[in-house]
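Dear colleague,

Please find below the structure that I am handing over to you. My notes on what was found in it follow directly after it.

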Amino acid sequence: MRLTYLLIFLSLSVSAQNKPRIQVIPNPESLEDFDHEFKGCPENSECDQVMGHMLSRWKGLISKLKEIPDKNKNAQALDLYRAKYGIPVEFYTNQKSQQGFKPVLYTSPCKEHRQKDQKLNVLKGIAFVKSMNSDHAIIWRDQSQIELPLKDNLVPQPVRVYFDQGAVTYQLPINEQPLFIKNRELYILKEEDGFYYTLKVSENGDWKIINLDMTQLSYWEDKRSEVACPADTEKAPKEFNVQFCKSVWDSDAKKVIPVRMQQGCLI
């Protein structure tokens with residue numbers, strides 16, 4: 001089994017050695033290939049050949065892992081991938097990002113994000129992120145690792161957890177919610193094309209993909225419910241116009257605690 005994962009990862013690594021910008025665009029192989037100028041890019045997105053290649057490589061890994069039943073080995077392989085290339089996550093950004101780290105861009109569905117001057121529009125972005133704290137994100141693009149300051153570049157979702165010892169703000173991708181909390185780390189259940197994996201986010205912004213005992217999923221889900229948000233003077237970034245709070249199970253405190261999350265708008 002270890003040899004299987006080594007071969008999967010080595011095959012992905014070898015394919016990454018060819019810089020996407022000099023590759024010849026192949027002939028379309030499926031209907032999805034007609035959705036965008038560049039293979040791998042999502043439909044109706046602003047996306048270059050580099051990001052199309054990175055997304056195709058990620059989807060190729062997911063397809064391979066879906067065929068392997070060992071969930072612990074799957075998590076190890078995914079975290080190995082995250083550490084080298086990052087994982088695709090969503091955030092808010094603006095058109096200026098195309099002059100820098102060049103994420104995939106979408107028009108936001110929120111009317112609050114659309115301005116008369118289109119240069120001021122808030123856009124949804126996708127980039128391959130290894131980790132993220134309140135100051136910067138570690139991003140992989142093409143053959144380079146970028147330590148990207150969040151300010152004026154990338155706006156994640158600030159998720160505020162109200163521990164008994166005091167509130168702590170974590171930076172998560174937009175539309176993500178913690179399933180439960182342990183050792184002051186947030187456990188996020190993510191899904192990619194029917195494949196589920198768990199992202200663990202630490203207080204200082206470190207990320208790790210781990211194997212989760214899915215037999216406990218209903219237990220953690222049953223603990224989550226809408227609650228009133230505690231009084232707080234900390235304001236969310238202007239990109240978020242809706243806030244809500246849920247009770248989330250803290251396995252150390254052996255009780256639920258309130259967690260405040262953010263949305264761009266009500267859709």
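**Disulfides**

C41 and C47 are both buried, where buried means under 20% relative accessible area, exposed over 50% and partly exposed in between (1.4 Å probe, protein chains only). Before going further, please note that this is a predicted model, in which local features need pLDDT of at least 70 and side-chain atom pairs count only at pLDDT 80 or more, while totals for chains, interfaces and linings use all residues. Residues are numbered from 1 along each chain as its sequence is written, and side-chain values use heavy atoms, with hydrogens and water left out.

A disulfide is a covalent bond between the sulfur atoms of two cysteines; here it is taken as a pair of cysteine sulfur atoms within 2.5 Å. The structure holds 3 disulfides. In one of them, the sulfur atoms of C41 and C47 are 2.1 Å apart, and the link is left-handed, with -70 degrees about the S-S bond.

Another disulfide joins C110 and C265, with sulfur atoms 2.1 Å apart. This pair links distant parts of the chain, 155 residues apart: C110 is in the loop between β2 (104-107) and β3 (123-132), and C265 is in the segment after β14 (255-263). Strands (E, at least two residues) and helices (H or I, at least four) are DSSP runs, numbered from the N terminus. The torsion about the S-S bond of C110 and C265 is about -80 degrees, so this disulfide is left-handed. Both C110 and C265 are buried.

C229 and C245 also form a disulfide, their sulfur atoms 2.0 Å apart. C229 lies in the loop between β12 (225-227) and β13 (242-250), whereas C245 lies in strand β13, so the pair ties together parts that are 16 residues apart in sequence. The link of C229 and C245 is right-handed, with 115 degrees about the S-S bond. C229 counts as partly exposed because its relative accessibility is 29%, while C245 is buried, with a relative accessible area of 1%.

**Helix α3**

Helix α3 (residues 71-85) has 15 residues and reaches 21 Å from its first C-alpha to its last, close to the 21 Å expected at 1.5 Å a residue; the expected span is 1.5 Å times one less than the number of residues. Its N-terminal end is capped by D70, which has a side-chain oxygen 3.1 Å from the backbone nitrogen of N72. Just after α3, G86 takes a positive phi of about 80 degrees. The buried residues of α3 include A75, L78, Y81 and Y85.

**Aromatic rings**

Rings of Phe, Tyr and Trp (its six-membered ring) pair if their centres lie within 6.5 Å; planes under 30 degrees apart count as stacked, over 60 as edge-to-face and the rest as tilted. By this rule the count comes to 9 aromatic pairs. The rings of W58 and Y197 have centres 6.1 Å apart and planes at 70 degrees, so this pair is edge-to-face. W58 is in helix α2 (residues 49-66) and Y197 in strand β10 (residues 195-201), 139 residues apart. The rings of Y81 and Y85 have centres 4.9 Å apart and planes at 55 degrees, so the pair is tilted. Y81 and Y85 are separated by about one helical turn because they are 4 residues apart in helix α3. W58, Y81, Y85, W140 and Y197 form one aromatic cluster.

**The whole chain**

The protein chain has 4 helices and 14 strands, and buried residues make up 48% of its 267 residues.

Yours sincerely

Terms used. A polar contact is a pair of N or O atoms within 3.5 Å; within protein, one must be able to donate a hydrogen and the other to accept it, and residues adjacent in sequence count only if both atoms are side-chain atoms.
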